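Dear colleague,

I am passing on the structure we spoke about, and below it you will find an account of what came out of the analysis. Please read the text with the structure open beside you.

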Amino acid sequence: MNKYIKLLFLITIMILLIIFTSCRKQKSSNEEFEVTTTPVKVIKASLEEISHKLSYTGTLEAWNKIDIIPDIAGKVAKIYVEVGDYVKKGQLLAELDTRSIRLQLKQAEAALEVAKANYEDAKRNMERMKKLFEKKAISTQQYEKIKLAYDAAEAQLRQAQATVNLVKHNLEVSIMRAPFSGIITSKNAEVGDVINPMMGGFSPTKGVLTLMDFSKIKVNLHVPQSDIGKIKKGQKAILVVDAYPNKKFWGYVHLVNLAADPISKTFLVQVVFDNPNLLLKPGIFGEISIITETHSNTIVIPEKAVIDGHYVFVVKNGKAIKKNVKIGLRSENEVEIIKGLKEGEYVIVEGNYGLENGTLVRIEGEV
């Protein structure tokens with residue numbers, strides 16, 4: 001009996017040893033698997049839109065800007081607006097002291113009445129003498145004398161009318177109105193200041209007021225000759241400014257100058273952006289991207305997924321499979337794959353450097 005008990009005990013010990021050894025081998029195998037697999041992150045290849053952009057920096061300018069300056073010299077009598085006011089086209093902004101001009105107008109109008117009276121008298125005399133001359137009742141010398149008086153009266157009438165028109169013009173341009181709707185951005189003079197537009201750059205002021213229309217914004221870019229062939233009028237443009245770093249303002253190429261600047265050898269390109277809410281302010285810097293080409297329904301992946309510019313790794317059956325690809329458009333951090341990838345394949349974007357074809361990998365997430 002003791003022999004059977006000892007035999008049973010030995011068999012039990014052997015079974016336990018076999019089970020323990022088997023568990024250790026399996027554990028060692030699992031540990032070995034974990035050590036030899038490479039963690040990676042992937043992205044699923046899908047059809048998207050990608051655009052090629054050319055990027056520049058430029059200063060924002062108002063679509064329209066003007067210094068409000070009267071056409072004649074004079075003393076500022078009234079200013080009706082303040083900085084920041086929105087004004088409509090034709091609105092009264094300021095005026096010069098017009099007292100002397102109004103007196104001149106009265107004088108000119110009186111002289112015009114005298115000239116009209118003289119003209120009418122000379123005209124009646126001319127008509128009467130013409131009939132007498134036709135009947136040979138007066139001499140040629142007498143007729144010519146009357147005609148000369150008529151011509152002089154007519155010339156004096158024209159001169160008097162021109163004087164009235166000139167004074168009225170001076171009165172009209174002494175009253176300054178908005179040539180377009182916009183915002184008063186600067187007040188350059190005060191009541192009592194003397195404005196003389198004939199002084200030009202020697203004048204102490206830039207006129208009375210500065211008016212800007214920045215319901216649209218323009219940006220003048222200086223494009224190198226390597227890029228000018230890719231830019232065409234009407235292409236879409238994107239503007240980003242520091243004040244709104246997460247907002248994109250959309251616009252278009254308004255002008256492309258095909259003649260290079262003789263000094264800088266660059267080409268002027270003007271882009272325009274709508275600004276209905278006046279978020280964009282003239283004078284600040286902005287980053288402008290001009291979209292020169294767009295492809296839709298094409299495979300787009302992160303640029304960092306492409307190694308050495310011509311191959312990627314995809315995950316298939318737990319292995320990293322190397323695939324040669326052909327790149328199309330590039331945009332910021334993305335590239336278009338026009339050959340070598342299929343929609344739905346999982347492309348390794350992190351952990352792909354240093355991999356060999358067939359390396360065992362484990363996916364730790366998607367990006």
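Helices, of at least four residues, and strands, of at least two, are taken here as DSSP runs and are numbered from the N terminus. On that basis the protein has 4 helices and 19 strands. Please keep in mind throughout that this is a predicted model.

When contacts between residues at least 6 apart in sequence are considered, 76% of them join residues that are at least 24 apart.

Helix α2, which covers residues 99–134, can be checked for its length. Its 36 residues should span 52 Å at 1.5 Å a residue, and the C-alpha atoms at its ends are 52 Å apart, which agrees. The buried residues of α2 are I101, L105, A108, L112, A115, Y119, A122 and M126, and these pack against α3, residues 140–173. Just after α2 comes K136, whose phi is positive, at about 60°.

Turning to the strands, there is an open sheet of 4 strands in the order β6-β5-β3-β8, paired in antiparallel fashion. Because β6 (175–177) and β8 (194–195) stand at the edges, each has a single partner strand, and one side of each is left without a neighbour in the sheet.

As background, most residues other than glycine have a negative phi. N317 is not a glycine, yet its phi is positive, near 55°; this residue lies in the loop between β14 (311–316) and β15 (319–324). E332 likewise is not a glycine and has a positive phi of about 55°, and its place is in the loop between β16 (326–331) and β17 (334–339).

Are these two residues, N317 and E332, buried or exposed? A residue counts as exposed when its relative accessible area is over 50%. N317 has a relative accessible area of 74% and is therefore exposed, while E332, at 63% relative accessibility, counts as exposed too.

Key
Residues numbered from 1 in each chain as written. Predicted model: local features only at pLDDT ≥ 70, side-chain atom pairs only at ≥ 80, totals over all residues. Heavy atoms only, no water. Contact = heavy atoms within 4.5 Å. Buried < 20%, exposed > 50% of the residue type's maximum accessible area, 1.4 Å probe, protein only. Expected span 1.5 Å × (residues − 1). Pairing = 2+ DSSP bridges.
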